[in-house]
Amino acid sequence: MISTAIDVLTAEGGGMPPLVEPGAAGSLALPLVLVIALPALGAAVLLLGGRRTDAWGHLLGTATVVGSFVCSLWLFLGILGRPEDERQITQSLWTWFSAGEWTVDLGLLYDPLSALFLLLITGVGALIHVYSIGYMEHDVRRRRFFAYLNLFVAAMLVLVLSSDYVGVFLGWEGVGLASYLLIGFWQHKPSAAAAAKKAFVINRVGDIGLSLGVGLIFFTFHTTSFDEVSALTSEASAGVMTAIGLLLLLAACGKSAQFPLQSWLLDAMEGPTPVSALIHAATMVTAGVYLIVRSQFVFEYTDAARTAVAVIGTITLLMGAWIGCAKDDIKKTLAGSTMSQIGYMVLAAGLGVAGYAYAIFHLVAHGAFKANMFLGAGSVMHGTNDDVDMRHYGALQKAMPVTFITFAMGYLAIIGFPGFSGFWSKDRIIETALAENLVLGLCALLGAGVTGFYMTRLMLMTFFGEKRWEDDVHPHESPKVMTIPLIVLAALSVFGGIMIAGDWIKKFLAPVTGEGEAHHLPVSPLVISLVVTVVVAIGVAVAWMLFGRREIPREAPTDVSPFTRAGRHDLYGDAINDVLVVGPSKQLTAGLATFDRAVVDGGAMGTASAIGGLSAVARRVQNGFVRSYALALLGGAALVLLALVAVSFA
Amino acid sequence: MTGFQAPNVEWLTLSPLLVVFLAAVVGVLVEAFVPRAQRYAVQVGLSLAAMVGTLVASLVVFARLSPTADEAELGRVVAAGAVAADGPAVFTWVLLSVLGLLSVMLFAERKVESGVLTFAGQAAALPGTEAEREASTRGLSHTEVFPLMLFAIGGMMLFPASNDLLTMFVALEVLSLPLYLLCGLARRRRLLSQEAAMKYFLLGAFSSGFFVYGLALVYGYAGSMGFAQIAAAVSADTGSRALLLGGIGLMSVGLLFKVGAAPFHAWTPDVYQGAPTAVTAFMAAATKVAAFGAMLRLFYVAFGGNRDDWLPMVWAVAILTMVVGSVLAISQTDVKRMLAYSSIAHAGFLLTGFLGIRSLDEVAPGGLTGVSAVLFYLTTYGFTTMAAFAVVSIVRDAGGETTHLARWQGLGKESPLVAGVFAFLLLAMAGIPLTSGFTGKWAVFAAATAAGAWPVVVVAVLMSAVAAYFYVRVIVLMFFAEPVGDGPSVAVPSALTTVVIAVGTLVTLVLGIVPGALIELLGNVGVFIR
């Protein structure tokens, strides 16, 4: 007991980052297992059950996630009743590998960090499942859609509950697969298939970062479980910690669409809108932030990697905001905004102990209000024959009052209108950034102003002004099954800020993220809040001048500034990818393929054409090519001998 | 009078080999004496019985493995020093018997070709002639494939157990010759098949030449054929180094050819594509097990003393093989060719494991040696590959198997179950967690990292990412693309092929979730004796 007390004291002293030292799950083991098992089971039944489950598949899919949410609440209340240092619990499931010191236990780790993620994933997830019942009503493959959604929720829960990096990797690949299946869900659209492929390829780059990072962790510490690694990181060299940190950052960039791996997220909007809300706004894309905050025991020992994290976050938050300003597609505008907001979270995570809790705070708040707005966009599309071009909207607030009001709540939250959830969460990040580094802080402040601009533009173009829709479009409010989730999420957007009351979230997360020393600002936080609000107000006012008072043309103007043009082209992310990655690798493959065709495929082709002239042609083909194979064999033998001799003399 | 001393033959320990060879010989007699109508039933029954018998015998030998007299290692050298029945050898016997059993089932499939084997009706008839048509209308089948396969399995089992150079060479030939023949026996697209057989035979003979020349050089160096004596000579560093290095190099060419490592891989795509799919499945799974088993023994036992000489060469070959296999697979348009390149990439991953630590003394307590890691990977790979090729054999159209990737578009609509199983197997080959592909890769990477070969592991991780791309491309094609024309159709196979697919898939899943027991077992038995 005494030693525990001393540990706590030293941790509070601000020296060591907190260790992961979970206790036994005890009575909470049941909900801990159920929370994953329910959606996993749902996915299995829906996928294996086939058409027999078509009639009630969507209901089962929704019920499992609601059940999972109940378990999350049960767990949350369970640990709230415990003293602070007993809030980490673990439950070992089975030993995946065991060979001497090389052991990977598949276990679950539930602590305040996972607790918040669980509530977000299952809570928002359940609402989005309910919404999808209405949204996907006329889709013949609705059951399959719910199966994939369930699969996603299960994989995401594995990601945030695993007690081991290898388990995180398992969830990481799982959510990637589900995301991939869902982006390409409307496979009849070639653009959807292409977007799915792009998301997969770019995510693989991030995955390489994770595999190598986990590999390096195993190589350095001979273990991959959080508790053991966290106890050992203080002894490793700074260089190794920086390498691990940068590899984990690469992984985070892939999954969370951060610069330079951001370009897949905009294309991912090809998926059905509930998917964009759940996976590409509220949950999966925040996995990178989770990984960084979870690995605080790595990042605390490497200033270089932490700085890289903060810089990447800042670049992305500005890029995302820029792209958001230029897009006319409502979902792509929101996607740009998602990139930008995740940039804020990554920036906060890069600020270290002072920022971790605020990163998570913004993550949870953003999860609610962004899901709200995506579902709202879905509702708008539902009422306008699936048109996504904001230039074809206008004056929708009368036709769709519930969608309008709920969307407005999300809007006020994201721009940081005083009192709404986004105000509290973004304000804290800007404040901390200003205290830690003036340049990063000013960039974050600028981003807040731009956010005010592009979100106001979206609101004005969609809900206000003159109606610009075609005559055959009859905008109408969506059914209750879609509006009720909107109302719940709107309420969360309004009241989400309550989590920061009395610094609750900071204290709650302290066992995981550590408690930083209070930062010292030259001016009082109140002044900063005021400045932020003024900057946002300027952004809003500019948008009002440009879009609120003028006619908006139905066709996008072409004589736009280079900035707008760059924004419309996703800041040329694809072009850069093409030049740097796609081009060279295509050439490499093509070169090798030509060789292969000339030498190898020739045989097969020759045979096909030889069916007429039989033996003569076939003999010629065979003689020629076996000879060249044999030559290759001979060359290889020479190389092998040469290698042996060279090594022997070296 | 100095009497002839009969060598002591350990019948029980050798029984797994003897059962297979005996059954193969009986199979030849069956061809000669049993009427044509009953041959299929008799041959299939005999082969199945032989494989079950050898499986049981192997398991008995495995259970009876006991420590050698002077050392703590398991196993014994039998047959007057020619065969080493130690942990790794007997494990490959068990593995080969199971894979062989599954192969017999694939060979015996008759339902997908409406009542005849998927092998040529009369191999001697020229393609496109009257004789071929007659053989086809009479419903002839070459049941000789069963004894041929048994001979090949016998050779494969002897190969990794051989304890001297000559036995190893004989085993190599015994396993290779039937395979050359089997490759040319496809019922459909016979020209392609015969061309494949011819190429495989010529190149195989060529590489055997290298192998046997290397063997002669090593004999010249050590003055003995036995691995124990060679190892002693290598440790003592007597004799000419040029002879030794030349011998190692030339022998490794022969072995690397058999496993399909670059730059000796050129035959693999042609032969895998042309051979009857059942034979391809058998070759891809079983040959790799046998050849890697033999390669491990040769390099770890005979040449273990000058590891530093040959290790950099294996590094280079491993890297080259992974790059060639993974990158070239991207541009393939034929399923069997793609799987062939994938098997080349897998050979590279196996070579990565080959770089692992040699003996238990150097490895951390309970850690994985290179032998254990490679044997584990071979187990995971063998079952996955066999099931994948079995799936290929049932996706057909009017012209037989349809292996062009374009024809696989929309398979997910035609048959969600088959496409789902194939997608799972591809994910396993890509090394996605919860499949055996992931645990297998983890094992070889961990073994290689522990031995300090981390640059190879980094390349391996990068190449697995590249490889994932082409596996997933096929999945996309099956599920997200519209069928072309009538689309592919899935022939309903008999229970035989179904069992092969089911077993392969199940093992892939189980070893992905609970690999612990097998890894632990391999940790205990994975040591060679001399």
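How many residues of chain A are in contact with how many residues of chain B? Select both chains: 56 residues of chain A touch 74 residues of chain B, where contact means heavy atoms within 4.5 Å.

This is a predicted model, in which local features need pLDDT of at least 70, side-chain atom pairs count only at pLDDT 80 or more, and totals for chains, interfaces and linings use all residues. Residues are numbered from 1 along each chain as its sequence is written, chains are lettered from A and ligands numbered from 1 in the order in which they are written, and side-chain values use heavy atoms, with hydrogens and water left out.

**The interface**

Keep both chains displayed. The area buried between chain A and chain B is about 5,600 Å², with carbon and sulfur atoms giving 77% of it; buried area is the accessible area (1.4 Å probe) that two parts lose on being put together, summed over both.

Two residue pairs are in polar contact between chain A and chain B, both at pLDDT 80 or more. A polar contact is a pair of N or O atoms within 3.5 Å; within protein, one must be able to donate a hydrogen and the other to accept it, and residues adjacent in sequence count only if both atoms are side-chain atoms.

Now colour helix H25 (573-649) of chain A, one of the elements that each supply at least two residues of the side touching chain B. H25(A) gives the largest share of that side, 27 residues. Helices (H or I, at least four residues) and strands (E, at least two) are DSSP runs, numbered from the N terminus.

**Two packed helices in chain A**

Select H6 (165-183) and H7 (190-221) of chain A, which also supply residues to the side touching chain B. H6(A) and H7(A) pack at an angle of about 175 degrees, with their axes 9 Å apart. Axes are lines fitted to C-alpha atoms, for helices over the stretch in contact, and angles run from 0 to 180 degrees between N-to-C directions. Show side chains here: among the residues that meet are A:Phe169 and A:Trp172 in H6(A), and A:Phe200 and A:Leu210 in H7(A).

**A salt bridge in chain B**

Move to B:Arg297 and B:Asp86, whose side chains meet in a salt bridge (2.8 Å, N to O). B:Arg297 lies in helix H11 (residues 277-302) and B:Asp86 in strand E2 (residues 83-86) of chain B, so the pair ties together parts 211 residues apart in sequence.

**Backbone stops**

Centre on A:Phe259 and A:Pro260, joined by a cis peptide bond with omega about 5 degrees. A:Pro260 is in the loop between helix H9 (238-255) and helix H10 (263-267) of chain A. In chain B, a cis peptide bond joins B:Ala262 and B:Pro263, with omega about 0 degrees.

Terms used. A salt bridge is a side-chain nitrogen of Lys or Arg within 4 Å of a carboxyl oxygen of Asp or Glu.
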